[in-house]
Amino acid sequence: MIGAYNIILDNLKEVKLLKVRNPYGSKEWKGAWSDNSKKWTTRTRAQVNGENKNDGIFFMELTDFMKFFVATTICCYV
């Protein structure tokens with residue numbers, strides 16, 4: 001994980017998103033809030049400076065992260 005955000009949706013509800021990096025630099029999450037997700041709007045993407053490119057970096061909602069990842073490793077990436 002390389003970031004955490006509370007974003008405000010167009011309907012003014014709040015969503016907790018995590019910015020995640022696959023250490024292998026490929027294969028990204030394909031669910032909600034993935035690069036091509038229909039959940040993104042111009043306003044929400046601007047809140048996280050998100051880009052739609054195949055670089056191994058993606059966003060996930062906190063609840064999805066807790067559901068699909070049972071362990072994480074944190075390291076210093078320079």
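How many bridges pair β2 and β3, and in which sense do the strands run? β2 and β3 pair over 5 bridges, in the antiparallel sense. This is a predicted model, in which local features need pLDDT of at least 70 and side-chain atom pairs count only at pLDDT 80 or more, while totals for chains, interfaces and linings use all residues. Residues are numbered from 1 along each chain as its sequence is written, and side-chain values use heavy atoms, with hydrogens and water left out.

**The sheet**

- Helices (H or I, at least four residues) and strands (E, at least two) are DSSP runs numbered from the N terminus, and two strands pair if DSSP finds at least two bridges between them.
- An open sheet is built from 3 strands in the order β1-β2-β3, with antiparallel pairing.
- Its edge strands are β1 (3-8) and β3 (57-61), each of which pairs on one side only.
- On average, neighbouring strands of this sheet are turned by 30° against each other, direction ignored; the axes are lines fitted to C-alpha atoms (for helices over the stretch in contact), and angles run from 0 to 180 degrees between N-to-C directions.

**Who pairs with whom**

- β1 is joined to β2 (residues 14-21) by 6 bridges, and the two run antiparallel.
- Y5 has L17 in β2 as its bridge partner, and I8 has E14 in β2.
- With 5 residues between them, β1 and β2 form a hairpin, and L12 in its turn has a positive phi of about 75°.
- On the β3 side, V20 stands opposite F58.

- N22 counts as buried because its relative accessibility is 16%; buried means under 20% relative accessible area, exposed over 50%, and partly exposed in between (1.4 Å probe, protein chains only).
- A polar atom of the N22 side chain lies 3.0 Å from the backbone oxygen of K27.
- S34 also counts as buried, because its relative accessibility is 5%.
- The S34 side chain reaches the backbone oxygen of G31 at 2.8 Å.

- A71 is found in the segment after α2 (62-68), and it counts as exposed because its relative accessibility is 57%.
- A71 and I7 are 64 residues apart in sequence and, C-alpha to C-alpha, 25 Å apart in space.

**The largest pocket**

- The largest pocket holds about 400 Å³ of space; a pocket is an open set of points on a 1 Å grid over the protein atoms alone, where a 1.4 Å probe fits, with protein on both sides within 12 Å along at least five of seven lines.
- Of its 14 lining residues (those with an atom within 4 Å of a point), M1, R21, P23, T73 and C75 are the closest to the pocket centre.
- The lining divides into 10 nonpolar, 3 polar and 1 charged residues.

Technical notes: Points joined across faces, edges and corners; volume = space filled by probe spheres on them. Nonpolar A, V, L, I, M, F, W, Y, C, P; charged D, E, K, R; others polar. Polar contact = N/O pair within 3.5 Å; in protein donor to acceptor, adjacent residues only side chain to side chain.
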